[in-house]
Amino acid sequence: MIKVDRRILKSQEAIKSAFIELISEKEFDKITVKDICKGANVGNRTFYLHYLDKFDLLDKLIEEHIYNLKKLCKPHSGLDFKEANVIWFEYLDNHYLFFSTMLAGKGAFAFRKHFLEFIIEELKNDVEIIKGKNQRFSESVLLNFFGAAIVGVVETYFMKGIPDPPEVVAEQLGMLIERNL
């Protein structure tokens, strides 16, 4: 395993934190690398040592969170939807500023697409179209329907449209999925 210098990790975390803070306050297009560096208290050279530009930073942040969600879900693949949703909803809540910005704020539209793809990929093994209540439905239609529904519930939660705690939302969402898949 490659060991990364703690100073590098500290710089990267400062850059990511400053960027998330900025993107929660103003539109992505209006954020400059100079703004990010100022917020992170690092120089431009440090920023460009780790990222090509603000788009690369955004892509890497999105990839990191999607990767963490996949890694989190992998050992729990045997759980029912209700239990599994609670696990990843806790992750979403622990990274509230990032997800609220990406899903409900002035964040990047690209995240929604990646998040939807992640959810659809997670649902793929659980969709039954050969027999049962979803017989004769297109797998693609079912996956997109439930994926969009889940993303919509998560977005609404982050926009404070659902006042319940994350555990309650996760459990109820899991029960709805189980009932209908």
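Because the model is predicted, local features need pLDDT of at least 70 and side-chain atom pairs count only at pLDDT 80 or more, while totals for chains, interfaces and linings use all residues. Residues are numbered from 1 along each chain as its sequence is written, and side-chain values use heavy atoms, with hydrogens and water left out.

The protein has 9 helices and 0 strands, in the order α-α-α-α-α-α-α-α-α along the sequence. Helices (H or I, at least four residues) and strands (E, at least two) are DSSP runs, numbered from the N terminus. The C-alpha trace spans about 60 × 40 × 30 Å along its principal axes. Contact here means heavy atoms within 4.5 Å. Among contacts between residues at least 6 apart in sequence, 65% join residues at least 24 apart.

Of the 181 residues, 38% count as buried. Buried means under 20% relative accessible area, exposed over 50%, and partly exposed in between (1.4 Å probe, protein chains only). The protein exposes about 11100 Å², of which carbon and sulfur atoms supply 54%; the areas come from the Shrake-Rupley method with a 1.4 Å probe, and for residues only the protein chains shown count as cover. There are 25 positive and 27 negative side chains, and the centres of the two sets lie 5 Å apart. Lys and Arg count as positive and Asp and Glu as negative, without His and the chain ends; each charge is placed at NZ of Lys, CZ of Arg, CG of Asp or CD of Glu.

In soluble globular proteins, nonpolar side chains tend to be buried together. A nonpolar core is a set of buried Ala, Val, Leu, Ile, Met, Phe, Trp, Tyr and Cys residues joined through side-chain atoms within 4.5 Å. The largest one in this model has 53 residues, and Trp88 and Phe115 have the most contacts inside it. At least two residues each come from α1 (6-25), α2 (33-40), α4 (54-73), α5 (81-94), α6 (96-104), α7 (109-123), α8 (139-158) and α9 (166-180). The largest share, 8 residues, is from α8. Beyond its neighbours within four places in sequence, Trp88 contacts Leu69, Leu72, Cys73, Phe115, Ile119, Ile150 and Val154.

The structure also holds 18 aromatic pairs. Rings of Phe, Tyr and Trp (its six-membered ring) pair if their centres lie within 6.5 Å; planes under 30 degrees apart count as stacked, over 60 as edge-to-face and the rest as tilted. Phe98 and Phe111 are edge-to-face, at 5.5 Å centre to centre with 85° between the planes. This pair links Phe98 in helix α6 with Phe111 in helix α7, 13 residues apart. Phe98 is buried at 3% relative accessible area, and Phe111 is buried at 0%. The rings of Phe111 and Phe115 are stacked because their centres are 5.6 Å apart and their planes are at 15°. Both residues lie in helix α7, 4 residues apart, about one turn of the helix. Phe115 is buried, with 0% relative accessibility. Ring pairs join a cluster that includes Trp88, Phe98, Phe111, Phe115 and Tyr157.

Asp164 lies in the loop between α8 and α9. Asp164 is partly exposed, at 32% relative accessibility. Not counting residues up to four places away in sequence, Asp164 touches Tyr157 and Val169.
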